[in-house]
Amino acid sequence: MHINCGGKATTVGNIQYEDDEDSAGPAKFFHERENWGFSSTGSFWDTETLENGYIVYNASILTMNESELYTNARQSPLSFTYYARCLANGTYKVKLHFAEIVFRDNRSFYSLGRRIFDIYVQVFF
């Protein structure tokens with residue numbers, strides 16, 4: 001399962017990433033995909049959220065490898081969860097890609113490296 005969080009379908013090397021362009025919102029459960037879905041909660045109270053304000057876009061030119069994965073991103077002020085369905089018993093490799101692509105109100109780099117991520121991988125039998 002490969003998902004381009006907030007972005008278009010793309011291929012990097014021999015891996016095909018599915019698109020994830022649903023606009024979401026303050027409370028959304030997205031389950032239209034065959035083997036995955038997501039839920040998102042929370043409102044951005046300190047900014048004016050536009051119709052598609054839960055997906056952010058990088059305006060700079062990216063020159064690194066796999067730049068397609070860092071052009072757009074899904075954001076959530078409170079909680080964001082992907083759900084994978086129908087995975088067989090076995091060993092899985094989980095690889096997450098992160099990049100800081102948005103700076104609000106043209107502020108400096110004070111927030112870089114200060115984000116907190118809680119990553120959970122849960123197995124249900």
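# Notebook: salt bridges, sheets and rings

I started with charged pairs and found that the structure holds 4 salt bridges, where a salt bridge is a side-chain nitrogen of Lys or Arg within 4 Å of a carboxyl oxygen of Asp or Glu. A note on what I am looking at: this is a predicted model, in which local features need pLDDT of at least 70, side-chain atom pairs count only at pLDDT 80 or more, and totals for chains, interfaces and linings use all residues. Residues are numbered from 1 along each chain as its sequence is written, and side-chain values use heavy atoms, with hydrogens and water left out.

**Entry 1: the chain as a whole**

I counted 0 helices and 8 strands in the chain. Both kinds of element are DSSP runs numbered from the N terminus, with helices (H or I) of at least four residues and strands (E) of at least two. Read from the N terminus, the order of elements is β-β-β-β-β-β-β-β. I also looked up burial: 24% of the 125 residues count as buried. Here buried means under 20% relative accessible area, exposed means over 50%, and partly exposed is in between, with a 1.4 Å probe and protein chains only.

**Entry 2: the salt bridges, one by one**

I went to Lys8 and Glu21, whose side chains meet in a salt bridge at 3.5 Å, N to O. Lys8 sits in the loop between E1 and E2 and Glu21 in the loop between E3 and E4, so this pair ties together parts 13 residues apart in sequence. Lys8 is exposed at 55% relative accessible area, while Glu21 is partly exposed at 37%.

Next I checked Asp19, which forms a salt bridge with Arg33; their closest N and O atoms are 3.0 Å apart. Asp19 belongs to strand E3 and Arg33 to the loop between E4 and E5, so parts 14 residues apart in sequence are tied together. Asp19 counts as partly exposed, at 23% relative accessibility.

Then I turned to Asp20 and its salt bridge with Arg74, with the closest N and O atoms 2.8 Å apart. Asp20 is in strand E3 and Arg74 in strand E7 (residues 72-74), so the pair ties together parts 54 residues apart in sequence. Are Asp20 and Arg74 buried or exposed? I found both of them buried. I also noted a network: salt bridges with shared partners join Glu18, Asp19 and Arg33.

**Entry 3: the sheet with E3**

An open sheet of 3 strands runs in the order E1-E3-E2, with mixed pairing; two strands pair if DSSP finds at least two bridges between them. Strands E1 (3-5) and E2 (10-12) are the edge strands, and each pairs on one side only. The twist from one strand to the next averages 40°, with axes fitted as lines to C-alpha atoms and angles running from 0 to 180 degrees between N-to-C directions. E2 pairs with E3 (residues 15-20) in the antiparallel sense over 3 bridges. I traced one partner: Thr10 has Tyr17 in E3 as its bridge partner.

**Entry 4: the sheet with E5**

I found another open sheet, with 3 strands in the order E4-E5-E8 and antiparallel pairing. Strand E4 (27-30) and strand E8 (79-84) stand at the edges with a single partner strand each, so one side of each has no neighbour in the sheet. Neighbouring strands here are turned by 10° against each other on average, direction ignored. E4 pairs with E5 (residues 36-41) in the antiparallel sense over 4 bridges, and a hairpin of 5 residues joins E4 to E5. The bridge partner of Ala27 in E5 is Thr41.

**Entry 5: the rings**

How many aromatic pairs does a search of the whole structure find? My search gave 7 aromatic pairs. Rings of Phe, Tyr and Trp (its six-membered ring) pair if their centres lie within 6.5 Å; planes under 30 degrees apart count as stacked, over 60 as edge-to-face and the rest as tilted. Phe29 and Tyr83 form an edge-to-face pair, 6.1 Å centre to centre with 70° between the planes. Phe29 is in strand E4 and Tyr83 in strand E8, so I noted a link between distant parts of the chain, 54 residues apart. Phe29 is partly exposed at 48% relative accessible area, and Tyr83 is partly exposed at 36%.
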